[in-house]
Amino acid sequence: MLEDILKQVQKGTLSIMEAKDQLATFENLGFAKVDHHRKKRQGFPEVVYGEGKTAEQIISITTALRARNNQVMVTRISEEKAAVVQQACPEFTYNEVARILYWKAEKNPKVNTQGYIAVVAAGTSDLRVAEEAAVTAEIMGSTVHRIYDVGVAGIHRLLSHAEEIQKATVSVVVAGMEGALPSVVGGLVSHPVIAVPTSVGYGANFNGLSALLTMLNSCASGISVVNIDNGFGGGYNAVLIHQLAQKGERNEDTLL
């Protein structure tokens, strides 16, 4: 990138000020410092957390991000706030279940072309968190298979999807109540499982704490646990695993 910018400056197609702007690692908006270097460090642009921000702040941040990236994502944004943002940025799409607002360039390449991520949810009440994981993974370029309402109270429902889950590269397993589903899935598969506890449950669930502790104490191997209701974190980590798995497959093909 640096070499390209220097060549443009030498040719006169790019001014020194424009070059400085492109090389800047962040953009100071006063109330926020937009990290334009995030994609180079982590492979995906900075994601905007919508809660606690005004619609006007989100518009300013997303406008800055869109100027330098081919996709932008805002998480945990309400329908009302998203509607205000969409008035200024009509090209953005809102998923009301996942509470995610996003934009992708038409020519944005699909990153992950092989394999898929299984997003497994215990119950319909867990869908908002499961969809946050699924939509996050899709925006980041992964193929997602949704397997919903397969909690341990009716284990036959899960077993009917066993083969589909086993063929996934990585699974994101979402559950509230006692949080037992990741342990069951973990005992059936040979790939990493990312467990996402939800705050769904009655009083002794303690807003997801009981599910979190169950998942942390799982006897099944290969399970990692993210925070309560953190579907975004589960989906993001799953994509990183998916990408690494594909790099390994490409390396094996090269060796052969």
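Modeller: In this predicted model, a helix is a DSSP run of H or I with at least four residues and a strand is a run of E with at least two, both numbered from the N terminus. Counted in this way, the protein has 11 helices and 11 strands, and of its 256 residues 44% count as buried.

Biologist: Taking helix H6 as an example, what does it reach from its first C-alpha to its last?

Modeller: Helix H6, which covers residues 127-139 and has 13 residues, reaches 17 Å between those two atoms, close to the 18 Å expected at 1.5 Å a residue. Just after H6, Gly 141 takes a positive phi of about 105°.

Biologist: Is H6 largely enclosed by the rest of the structure or exposed, and how many of its residues are buried?

Modeller: As a general idea, an α-helix has 3.6 residues a turn, so residues three or four places apart point the same way. In this case 10 of the 13 residues of H6 are buried, so H6 is largely enclosed by the rest of the structure; among them are Val 129, Glu 131, Glu 132, Thr 136 and Ile 139.

Biologist: Which strands does H6 lie across?

Modeller: H6 lies across strand E7 (117-121), E8, strand E9 (170-175) and E10, and runs at about 170° to E8. The sheet itself is open, with five strands in the order E8-E7-E9-E10-E11 and parallel pairing. Its edge strands, E8 (144-147) and E11 (223-225), each pair on one side only, and the twist averages 20° from one strand to the next.

Biologist: How many bridges join strand E10 and E11, and in what sense do they pair?

Modeller: Strand E10, residues 193-197, pairs with E11 in the parallel sense over three bridges, and Ala 195 stands opposite Val 225 in E11. Helix H10 (residues 209-216) also packs on the sheet, where it touches E9, E10 and E11, and its direction makes about 160° with that of E10.

Biologist: At what angle do helices H4 and H5 pack, and how far apart are their axes?

Modeller: In general, two packed helices are described by the angle between their axes and the distance between the axes. Helix H4 (residues 55-66) and helix H5 (residues 79-88) pack at an angle of about 45°, with their axes 9 Å apart, which makes H4 oblique to H5. H4 passes H5 in a right-handed crossing.

Biologist: Which residues in H4 meet which residues in H5?

Modeller: Ala 55, Glu 56, Ile 58 and Ile 59 in H4 meet Lys 81, Val 84, Val 85 and Ala 88 in H5.

Technical notes
Residues are numbered from 1 along each chain as its sequence is written. This is a predicted model: local features need pLDDT of at least 70, side-chain atom pairs count only at pLDDT 80 or more; totals for chains, interfaces and linings use all residues. Side-chain values use heavy atoms; hydrogens and water are left out. The expected span of a helix is 1.5 Å times one less than its number of residues. Buried means under 20% relative accessible area, exposed over 50%, partly exposed in between (1.4 Å probe, protein chains only). Two strands pair if DSSP finds at least two bridges between them. Axes are lines fitted to C-alpha atoms, for helices over the stretch in contact, and angles run from 0 to 180 degrees between N-to-C directions. Contact means heavy atoms within 4.5 Å. Angles under 35 degrees count as roughly parallel, over 145 as roughly antiparallel, 65 to 115 as roughly perpendicular and the rest as oblique. A crossing is left-handed if the near helix is turned anticlockwise from the far one by less than a right angle, and right-handed if clockwise.
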